[in-house]
Structures are given as C-alpha cells and as structure tokens.
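The following exercises are to be worked through with the sequence and the model at hand. Each task is followed by a solution in steps.

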Amino acid sequence: MSERSADLMPGGGGQLLLASGRLEVALQQIGPIPLEARFHCDAGELLALVGPSGSGKTTLLRAIAGLMKPQEGRITCGQDIWFDTVSGFDLRPQQRRVGLVFQDYALFPHLTARDNVRVALGHLDAAQRAAQAERWLARMHLEGLGGRYPSQLSGGQRQRVALARALAREPQALLLDEPFSAVDQVTRRRLQRELARLREQIRIPILLVTHDLDEAVALADRLCVLHGGKSLQVGDAETLFRRPASAEVARLLDRHNLFSGSVVECQGQRRLQWGPLTLEVAEGLERLAPGQAVTWYLPDSDVVLHRGDRASRGEGENPVTGRVSEMVVMGGTTTLAVQVDHVEATLRFDVSTHAARRNALVRGERVQLSLLAAGIHLLPDESTEEMT
Ligand code: ADP
Ligand code: MG
C-alpha cells in the first residue's frame, strides 16, 4: 500500500487535498446477484454509474469497498491491488481506503458532526484529530456546526458531514451512492455545485451512482450504463446519446426515435429502407449487407423542423413529412411528436417554444422534417445476427 500523503493535506485554498491513481474494476457475480461490470475511473475523473433501480449500482459500490465479495474479478487502485481472485488477494474494507457516502447519510446519530468526522481519523495521532476534523468541516462549509447532532442539521448539512467524514479518511477513491437524492431540489443543486468545486482539490477517482441522467450529464466526465448487473456501455455523454451501443442502452438513457429498417442497394449506393422511404446514412451502411434488417436510432437533435419562411439547416437531407400528433410546452422547450407519413412511426424531438410559436405549430398541423444523415446511427439488430 502507498504511504498516506500527509503532505497533501494542509488546508488552504487551491491546494490538492487528496491524490491517488486510476481505479480499475472488473467483476463477476456476487453470490446470487448477477454482475458483469468492467470499467475504470482515472484519478480526478468523475464516472457516473447510471441504471434503473435494481441494476446493481449499490452492489457494485459495496463490492469495490470490500463489503461484498465477488466470485471472480479484480479491483486495483493506482499501484494497489484491492481484490484479485487469480492471486487470492482480498483487502479488508478498512484497508481499501475508500470514502463512501450513501443517500441516507448513515451518520452516527449519537455523535456530533465533529465526532462523526473524527471517527474517520483513526490514522492520525489522537492529538491531531480534533483540529483535522474541524478542517474538514470547514472545507465542507460547516464552520460552527461541529457541536450539532445529526438530528439538529438539515439534510444538506448532514450530507456535507457525510462527505467530510468520507474525505477525512484520505481515501484513494470516493464512492457516492445517490448522495443527493434525499434532499430538496435547491439543496441538491447546491451540493452538486459544491461537488464540482471540490473536484478541483481532490485528484482521486470519484464514482457517482445516480438515477438522475441530468445530474450524471452535468457532473460526470463519463457515464457507465448498468443493467441487470452488467455494464453495457461506458463513454462520455455525447457518445452515449449520439451513438448508444445498443437499443437497450438507448432505451435506458430514455432516448426515443428507435426504428426498424433494412439495408438496400440503390443505384450502386447503400441506403436505409424505412417502410417506403429511402434514407441516406453518413456512416455504418458499408458494414452491412443488402437485405439485412437493422434497428436505427436518430438523436432528437438531428431531427430538423423546416421553417415555413426560409430554408433551414439540412433541408433536402432525408426529407420526410408528417403530422404533429403531440405537442407539450414546458417552459422554453416544446416537445413534439410527429406521426411520419407512409411509415407507422412517431418521431419525437424538442424545439424551442419560441420556434414553435413562430411557426404557429399546433397539434394536427402538417410539417416537413429532415432526418440528418450524419445523425442516423445503425445498431446491431437484436433479433438478427450481430454487425461485423
Ligand atoms: P441498485 O442500487 O442499482 O438499485 P442493487 O445493487 O441494490 O441495485 O441490487 C441489484 C440486485 O441485487 C437487485 O436485484 C437486488 O434485489 C439484488 N440484491 C441486492 N442485495 C442483495 C442481497 N444482499 N442478497 C441478494 N440479492 C440482493
Ligand atoms: Mg442502490
């Protein structure tokens, strides 16, 4: 194990409080719980683990912390091996130096905020603990609240104590399990901003479990999509939302605009056949044989609504017509569903409410759209063989 980096610790602005190395995780099966997770998180990186309830997010964090033992796999952090079934390595939770924060705070109710932090300072001399506890409380903006019991603190303050306690251990990795989901929205935003700021001072891997996609996109460098204990795709938000690895990932990310089509040869060019419509696709078709069925996906940013008065971006590119079947105004954004002519399919996308008004859009209105060829993403068809 590496030395604790006490020299990184003195308080004061702009300093690096904690540093470590890359966390690498490859795990399979924990008792009866299926798990097939593989990802890494660099020091200083924030990786969001997203997935529906029951997808194994908490189980995964507990396994990384050493609280559950997988049947197979390996966990390393920097130079340190925490777990490795091949060599029989299995560090105890206390030896792994992870900072854990849970949704429900998990503070000791009979201890003050100060003492809750102090229990994480067992690695320091007793004489240093009090001052260090105060320092961590101050870093979490809890000055003057050290003497309060958890019941005397607000939800946001409790979560800051939990974070102070997690960091006081000088962890090599920080694991946050839905840390902001039990507080009100204003507090959540504030805690999110504080986490973003804190990241400038701690260069350790941070795993953030959240079921809030907006939170994941706002805070994380990359996302790992979990389902049924399996890590389906890891990537930045742009990649995941524009190029999901499967229809399943697209659905888990709450994406619409997944359709079935097939590959056709059209005057020497490959095209995507969608009902009676023939679409141009910027890339991916060359890997497929004519006649092959495909599932295809279009990010809603690549559906262009044509303005009545002047040409808009991509006009002429995969033009389709249809009828507005749904229109939901939510503040500055209007969500449209358009029933496309000649195919039994509905395209969903957002336009600015301003644009919807300017075009005098109403339900039932006929519209012209372009489906941008660069946005069309071909997915391995789940019902047929995989793409090669
Ligand atoms: P998430 O945090 O993503 O909601 P969990 O990690 O809590 O998911 O659970 C993943 C799966 O493992 C669920 O199907 C859950 O029922 C199951 N599970 C969790 N804990 C245990 C346990 N101690 N024993 C058996 N099954 C468990
Ligand atoms: Mg959970």
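**Exercise 1.** In which loop does Ala-360 lie?

*Solution.* Ala-360 belongs to the loop between helix 10 (353–358) and strand 22 (366–371). Helices (H or I, at least four residues) and strands (E, at least two) are DSSP runs, numbered from the N terminus. Although Ala-360 is not a glycine, its phi is positive, about 50 degrees.

The model is predicted: local features need pLDDT of at least 70, side-chain atom pairs count only at pLDDT 80 or more, and totals for chains, interfaces and linings use all residues. Residues are numbered from 1 along each chain as its sequence is written, chains are lettered from A and ligands numbered from 1 in the order in which they are written, and side-chain values use heavy atoms, with hydrogens and water left out.

**Exercise 2.** Describe the open sheet of 5 strands and identify its edges.

*Solution.* Step one: the strand order is 18-22-19-20-21, with antiparallel pairing; two strands pair if DSSP finds at least two bridges between them. Step two: strand 18 (303–305) and strand 21 (346–352) each have a single partner strand, so one side of each is left without a neighbour in the sheet. Step three: between strand 19 (residues 319–330) and strand 20 (residues 333–340), which run antiparallel, there are 8 bridges.

**Exercise 3.** Is Leu-336 buried or exposed?

*Solution.* Leu-336 is part of strand 20, opposite Met-327. Its relative accessible area is 1%, so Leu-336 is buried (buried means under 20%, exposed over 50%, partly exposed in between, with a 1.4 Å probe and protein chains only). Leaving aside neighbours within four places in sequence, the contacts of Leu-336 include Leu-305, Val-324, Met-327, Phe-349 and Leu-361 (contact means heavy atoms within 4.5 Å). Val-324 is 12 residues from Leu-336 in sequence, with 6.8 Å between their C-alpha atoms.

**Exercise 4.** Which backbone and side-chain atoms lie beside oxygen atoms of ligand 1?

*Solution.* A polar backbone atom of Gly-54 is 2.7 Å from an oxygen atom of ligand 1. For a backbone N or O atom of Gly-56 the distance is 3.0 Å, and for a polar side-chain atom of Thr-58, 2.8 Å. The protein buries 52% of the 570 Å² that ligand 1 exposes when taken alone.

Conventions
Polar contact = N/O pair within 3.5 Å; in protein donor to acceptor, adjacent residues only side chain to side chain. Areas by Shrake-Rupley, 256 points an atom, 1.4 Å probe, with all protein chains shown as cover.
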